[in-house]
Amino acid sequence: MNSRLIFIAILLFYFGQIFSQVASSSSKGIAISHTINQENFKDERLSFRNRTSTGFTSQLSFFWDKKNTRQTINLGFGKNTRSNDTGMVSFENLRPRLTYAYQRILHNFHVGGTLNVESLLSFPVSGRWAGNNSISYTIWSSIGLSTAFHQPLFFKKQKFALISEFHLPVLSYVVRPSYGLPYPEDFLKDETFDFQRKNMTASLLTSGKIRSLNQFQQLNFRVGFSSFLSSKQHEIRLSYSFDYLKLRDVKSVRQMKNGLQLLGIFKF
Amino acid sequence: MKKQLFFCLSLLGLFSCNKEDFPEISNPQVFQEMWQYIDENYIYFDQKGVDWNEVRKDYEPLINERLEEEELLDICFEMLNLLKDGHNRLTTNDFDENYDYKIGYEIHFDLSVVKQNYLDNDFQESAFYTYGILQDSIAYAHFSSFKQVDKIQEVMNFFSTQPIKGMIFDIRDNTGGDGQDAVEIVGHFIEQPRVVGYLVEKTGRAHDDISMPLSVQAIPKSPFIDVPIALLTNRKSYSASTYLASQLKDLPNVTLVGQITGGGGGGNQTQELSNTWLLTISSSKFLDIHFDESIEEGVVPDVTITNDSLTLTKGIDEMLEKAIGIF
C-alpha cells in the first residue's frame, strides 16, 4: 500500500510540473505522425503462439520549449490488422497511450523523464472462440527516462537533421487480469459478483502491481532524418520506429513493433 | 550522400526482417501444453474425482512423433473427456466437439408440437424466444438460448398485461448463453434483492488457487410477476439454463418439472495451443445458495418426467401437460 501511495505522489508531482510550466512557455508546436508497422505479439492469457501482423500507430503531440527545456504531451493510438494466419483465430490489438515528457536540452542532446499511461487491449476474433475470456488487457502507468539526439546536417545549403529518440520506463504500475478470466484482482475480493461489472472500473484502478525493469520492459526507439521546410523550421521527418513491450507474469504478454514513421512538426 | 542512402536502405532492411512466426511443434509438446494448461486452469478437479497426474502417466506413453494429427486429437480428446465436463471443448479446423453430457438420457422435445397443439399457432417469437398464452390463462415462454437480455423485458411486459394465473418457463433444449439473462429473469419474480448463488473463480496455477465464493445477487425488476411458476427442463438445459434452474429452485412459488438439467453452471475460458487447436475448459464454478457444487452435474427437478418419443410424434408433450397440471 505504501508503494502505491509513493507512486501516486510521484504522478502528482509530474502533473504539477506540466501545469506549472506550460503557462510560461515561450515557443510551442504540434507534431502529427503516422507509423506503418509490423507487429509480433504473444499474450499467454489467450494463446501460446507468436503471431505477426501489420498495423498502424497515429500520434498527436504538443510541445513547449522554454530556454533549455522541452515538454511534450503525446496522444497516440495503435491498432493492428488481422494477420494472414493459418489458425482459427486472429487477435485485434488496440494500444491507446498518453505520454508526458520533460527534457533538458544540452547541446544536441535532450535528456529527461517521461510519465505515460498506456494500455494494450487484445480481442480474439473467431467464430469458434467459445470461452468467456473474450478480452485480455494490460494497463500501465510508468515513469522513466527520455533522451533525444539531434545532429544538424547540411547538403547543398539545405538543412537536414539526424534524429534519434529513446524512451525507457523504469518503474510501472501494471494492471492485468487476476488469472484466466478477465477480472482484476480486487474485483474477486469484493465478496459480490456484479454481472453488469458496475464496480469493475474501480477494481481496475486498484488492482495493479508495481513492476520494475526486470518484470516489465517497455522501450520506444526512433532514428530518422528531418528535412526543414521554411524559416519557421517546420519539419518533415522519416524515421525507423521500434517499440517493445514485455511483462513477465503468471501469464506473460509481449508485443514488438518495427515501423516506418512519417512525422510532421509545425512550430508557432 | 552514399552514406545516407546506405542508412536508409538499412532501415528498410530492419523494417522487413519480421516473418510469420509459426514454428513446427511436436506431438509430445502439444500433449504437454494441453495437459499443463488444464492442470493450471481447470477448476473442478476435486469434484470430478480425477487425479490429473495419474492421467498424464496413462496417456503420455501413447504420444509419439509418428502419430497423425487425427490420432493425436483422438487421444487428447479422450483425455479431456475423463473430466466429464460439457464446457470442455477441443476445436480444430475439422473438429469441434465437447464432452457429451447427454449420454444415457432420453431427450425428446419438439417446439413445433407446443406451437401447434398447445398455443394453437397463436404466439409471438423472435430468434430465441417463443411466447404466448396456453389454455386456462397460463403464460408460456420457451427460451432456446440466453442471448437477448432486452427481449426478456419485452416478454415480461407482455405477460404483465395478461390475466394469467400461472406461468411456464420452458428451457428445454436451451444449451445456455449469457448468465446475466438468468439473473434478469429471477429479478422479475422477487420483491426484494436476493442472493441466488455464488461464483468461484480460479486465481492461480495450483488446483486450490481459487477465490472466495462471490455472491450473485438478483435485483427486483419491473414488472413483478406474482403467479405460480413452473420451470420446464430437460438434460439439454445446459450452462446458463442450469444456472437459472438452480437460482429459481429455491423460490417458494417455483416448481421445477422435467429432467435433470445438463449441468455446467460455471464459466469457461479458451486458449489457442501452439498447433492452432482451440482448447476450452471450465475455469469458474457456480454454487447454489447452500454452497452446493453438485449443480455442475445438473439440477434435479421437483417433479421428474420425461417425454416418450412415440407419444411426442402423436403431438402430445407429456412434460408440458404435467407442468400445466400443477396450476
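How many residues of chain A are in contact with residues of chain B?

## The contact between chains A and B

In this predicted model, 34 residues of chain A are in contact with 41 residues of chain B. On the side of chain A that touches chain B, at least two residues each come from β1 (27–43), β2 (51–66), β8 (192–193) and β12 (253–267). By class, that side of chain A has 15 nonpolar, 14 polar and 5 charged residues.

## Antiparallel strands in chain A

β2(A), which supplies residues to the side touching chain B, pairs in the antiparallel sense with strand β3 (residues 69–80) of chain A over 12 bridges. The two strands form a hairpin with 2 residues between them, and Lys67(A) in the turn has a positive phi of about 50 degrees.

β3(A) also pairs in the antiparallel sense, over 11 bridges, with strand β4 (residues 90–106) of chain A. Gly76(A) of β3(A) takes part in both pairings, being the bridge partner of Gln59(A) and standing opposite Arg97(A) in β4(A).

## The open sheet of chain B

In chain B, 7 strands form an open sheet of mixed pairing, in the order β3-β4-β5-β6-β9-β10-β14. Because β3 (124–125) and β14 (303–304) of chain B each have a single partner strand, they stand at the edges, and one side of each is left without a neighbour in the sheet.

Within this order, β9 (residues 229–233) and β10 (residues 254–258) of chain B pair in the parallel sense over 5 bridges, with Gly258(B) in β10(B) as the bridge partner of Thr233(B).

Conventions
Residues numbered from 1 in each chain as written. Chains lettered and ligands numbered in written order. Predicted model: local features only at pLDDT ≥ 70, side-chain atom pairs only at ≥ 80, totals over all residues. Pairing = 2+ DSSP bridges. Helix = DSSP H or I, 4+ residues; strand = E, 2+ residues; numbered from the N terminus. Contact = placed C-beta atoms within 7 Å. Nonpolar A, V, L, I, M, F, W, Y, C, P; charged D, E, K, R; others polar.
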